[in-house]
Amino acid sequence: GLLGRLNERAEVGDVAGAKEMFSKLIGETSPQHRTVVFNTVLKACANAGAVEEADAWHGRMASEGVRINEKTFGKLVEAAAKRGDVAQAQAWLSELISEFGSASDVVLITMIDACASAGEPDEAAKWFSTLEDGTVRPDSVAFSSVVNAYAHVGRTRDAVVWFAKMCNSGVGPNVVSFSSIISAFARAERAGEAVQWFGRMGAAAVAPNEATYNTIINAYAQAGEPDEAVKWLRAMRQAACAPNAVTYGSLIHACGRGGRPEEAEGWLRAMEAANIEPSSIALDGVVNAYAQCGRVDPAVAWLRRIEALCMAPSSVTYNTVVHANAKQGNLDDAAAWLAKMEHARIRPNDISYNIMVNACARAGRHKDAASWLRNMADRELKPDVISYSSVVNACAKAGRPEEAAAWLQHMTEAGIRPNVVSYTSAISACGSTTPVKDGLAEQLFCQMVAAGLSPDPMLERLLVRILGPERFEGLRSRLNFQTTSAAAKNNSLEKRGLGNRAGMRDWDTNSNRRLVLRTARLKTHDHSSIV
C-alpha cells in the first residue's frame with residue numbers, strides 16, 4: 001500500500017518522494033496512526049541527513065497536534081548525526097531523555113558514533129555512560145565506537161583503556177575494535193606496536209580483514225619500508241584476503257618513500273594486471289616517487305599521463321613536480337608547472353609558493369623571491385616565517401643588507417615574529433659588504449635580543465667577526481644575553497636544583513668569553529650564504 005511505498009522512499013533517504021507519498025496518504029490516515037506516517041517521513045530525513053527538513057516536520061507535528069513519541073526524537077537525532085551536527089543531535093537526545101526518561105540503545109549508539117566521527121571522544125564516552133546506566137548491556141558495537149573515537153584522534157592510550165574495559169566487562173572484542181587500535185598506532189608511526197596488536201587478534205580468535213592488513217601495509221609505507229610492506233602483502237594473500245586499490249596505493253607510496261621509483265611503477269603495473277583500475281592516488285604516488293628522487297623527466301611523463309586520462313592530479317603531486325624542478329635550479333620550468341596547476345583549476349597553496357620563494361632565494365634571485373611572496377599575498381595566502389626568512393636570505397646572498405633589514409620589518413608588520421635564522425641571514429649580509437655594515441648589524445642584533453631571542457653559537461661567531469671581540473663583549477654586558485645552548489644548560493640545571501642563578505650566570509659569561517677570544521684567533525669563513 002501507500003505506507004509501504006512511503007517506507008521504501010524513506011529507506012533510501014528520498015525526502016521528496018517521501019513527501020509525495022505522504023500527501024497521498026495523510027488524508028486517509030486515522031488520527032491514531034498519523035504519528036507513524038509522520039515518523040516515516042522523518043526516517044527519510046534521517047537517512048538523508050536533512051536536519052532542517054526534519055526540524056520542520058517535527059514543528060508541523062507539534063502544530064497539528066500529532067503525538068510525538070520516542071521514535072520521533074530518535075529520527076531527529078539520526079538526522080543530525082548523519083549530517084555531522086553533533087551539537088544538534090545532542091540537543092535532540094537531551095530533549096528525548098527529558099521527555100521520556102531514557103533513550104533506546106540504538107539512539108545512544110547513534111550518538112556515540114556521531115561523536116566519534118566528529119572527533120569528540122570524551123563526548124562519546126559520556127553518552128556511553130548513559131547507555132551503561134540503562135537496562136541494556138553495552139555490546140561490542142557500543143564499546144568499539146568509543147574505542148574508535150579515541151583511536152581516530154590519536155589518543156592511543158585512552159583507546160587501549162577502553163579496549164581493556166570492553167574485555168573486562170565480558171564483551172569480546174571484534175575486528176572493528178582491533179582495527180581501530182592498530183590504525184591508531186599506525187597513524188602515530190608506531191608500526192611495531194601496530195603489529196603487536198595484530199598478533200593479539202589471533203589469540204582472541206578474531207580474523208583480520210582486508211582493511212586490517214591494509215592498515216599494517218600503510219604503516220610501513222609511511223615509514224618508508226617497502227620490504228616490510230611487501231611481506232605483509234604476502235601474509236594478506238596467504239590469509240585469502242584480496243589486495244585492493246588501497247593495498248597497491250600503499251605499496252606504491254612505500255616505494256616512493258623508500259627512494260625506489262621503478263618498484264613503485266612496477267606495483268602500478270601489477271595493479272593493472274590484477275584488473276584494478278589505477279586511481280589518481282596510485283598514479284600520483286608514481287609521480288611523487290620519481291620527483292622525490294629528483295628524476296624530473298619520468299615524473300613529468302607520469303603527470304602528463306594522469307592529465308591525458310582526464311584525472312585530476314592532487315595539489316601534492318603538482319607541488320612535488322614544482323619542487324623537483326626548483327631543486328635542480330629549473331626555476332622557469334617550476335614556474336610553468338605552477339601555472340599549469342592553476343590552469344587545471346587546482347589552487348596552489350602556501351607550500352606551492354614557498355617552494356618558489358625558497359628556490360629563488362637559493363639561486364640568489366632576491367627580486368624574484370620577493371615577487372613570489374607578493375603573489376602569495378595577492379592570492380589571499382598567508383606567508384609564514386619560512387616565506388619571509390627566504391626573502392631575507394635572498395637579499396643577504398645578493399649582498400643587500402638594507403633590503404634584508406627592510407623585509408624583517410615587513411615581516412614584523414605582517415604579525416609574523418622573525419626567528420634567529422631570519423636575523424642571522426640579515427646580519428650575515430652586513431658582513432659581506434665592503435665596507436662592513438657593522439652599525440646595521442649591531443642594530444639588528446639589539447632588535448633581536450629586545451624581541452626575547454637568544455643568539456646561537458653560530459650567530460655569536462658571526463657577530464665577533466663583524467664587530468670585533470671587544471665590541472661584542474660590550475654588547476653582552478649591556479644587553480645581558482645568553483647563547484641558546486648556555487640558556488638551555490642553565491634551565492636544565494635549575495630544574496634539577498643545581499647551582500644558583502648568579503653562579504650560573506658567571507659560568508655562562510666566562511664560558512662564552514672564552515668562546516669569543518678563541519673565535520677571534522680563528523680564521524672564520526663567510527656567513528653570507530647562511531640558511
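Biologist: Which residues in helix 9 meet which ones in helix 11?

Modeller: This is a predicted model, to be clear from the start. On the helix 9 side you have Ser144, Val147, Asn148, Ala151 and His152, and they meet Val176, Ser177, Ser180, Ile181, Ala184 and Arg187 of helix 11.

Biologist: And what makes helix 9 roughly parallel to helix 11?

Modeller: The axes of helix 9 (residues 140-152) and helix 11 (residues 175-187) cross at roughly 5° and come within 9 Å. Angles under 35 degrees count as roughly parallel, so helix 9 gets that label relative to helix 11.

Biologist: On to the rings. How many aromatic pairs are there?

Modeller: The count comes to 20 aromatic pairs. One of them is Phe73 with Trp92, at 6.1 Å centre to centre and with 50° between the planes.

Biologist: Why is the pair of Phe73 and Trp92 called tilted?

Modeller: Two checks. Ring centres must lie within 6.5 Å to pair, and these are at 6.1 Å.

Biologist: What does the pair tie together?

Modeller: Parts that are 19 residues apart in sequence, because Phe73 lies in helix 5 (residues 70-83) and Trp92 in helix 6 (residues 86-100).

Biologist: How do you know whether Phe73 and Trp92 are buried or exposed?

Modeller: Buried means under 20% relative accessible area. Phe73 has 4%, so Phe73 counts as buried. Trp92 has 8%, so Trp92 counts as buried too.

Biologist: What makes Tyr318 and Trp337 a tilted pair?

Modeller: Run through the steps again: their centres are 6.3 Å apart and their planes 45° apart. Tyr318 sits in helix 19 (residues 315-327) and Trp337 in helix 20 (residues 331-343), 19 residues apart. Tyr318 is buried, and so is Trp337.

Biologist: What lies over the face of Trp337?

Modeller: Lys340, at 4.1 Å from the ring centre. Elsewhere, Arg200 lies over the face of Trp197, also at 4.1 Å from the ring centre.

Biologist: Why does Met411 count as buried?

Modeller: The cut-off is under 20% and Met411 comes in at 0% relative accessibility, so Met411 counts as buried. Met411 is in helix 24 (residues 401-413). Leaving out residues up to four places away in sequence, Met411 touches Val385, Tyr388, Ser389, Ile416, Arg417, Pro418 and Ser422.

Biologist: Then what makes Glu132 partly exposed?

Modeller: Glu132 has 35% relative accessibility. Buried is under 20% and exposed over 50%, so Glu132 falls in between and counts as partly exposed. Glu132 lies in helix 8 (residues 121-133), and beyond neighbours within four places in sequence, Glu132 is in contact with Pro138 and Lys165.

Biologist: Last one: which residues touch the most other members of the largest nonpolar core?

Modeller: Leu93, Ile427 and Phe445, out of 161 residues in that core. Helix 7 (residues 105-117) gives the most to this core, with 8 residues. As for Ile427, its contacts beyond four places in sequence are Ala441, Leu444, Phe445, Leu459, Leu462, Leu463 and Ile466. In soluble globular proteins, nonpolar side chains tend to be buried together.

Technical notes
Residues are numbered from 1 along each chain as its sequence is written. This is a predicted model: local features need pLDDT of at least 70, side-chain atom pairs count only at pLDDT 80 or more; totals for chains, interfaces and linings use all residues. Side-chain values use heavy atoms; hydrogens and water are left out. Rings of Phe, Tyr and Trp (its six-membered ring) pair if their centres lie within 6.5 Å; planes under 30 degrees apart count as stacked, over 60 as edge-to-face and the rest as tilted. Helices (H or I, at least four residues) and strands (E, at least two) are DSSP runs, numbered from the N terminus. Buried means under 20% relative accessible area, exposed over 50%, partly exposed in between (1.4 Å probe, protein chains only). A charge sits over a ring if NZ of Lys or CZ of Arg is within 6 Å of the ring centre and within 35 degrees of the ring normal. Contact means heavy atoms within 4.5 Å. A nonpolar core is a set of buried Ala, Val, Leu, Ile, Met, Phe, Trp, Tyr and Cys residues joined through side-chain atoms within 4.5 Å. Axes are lines fitted to C-alpha atoms, for helices over the stretch in contact, and angles run from 0 to 180 degrees between N-to-C directions. Angles under 35 degrees count as roughly parallel, over 145 as roughly antiparallel, 65 to 115 as roughly perpendicular and the rest as oblique.
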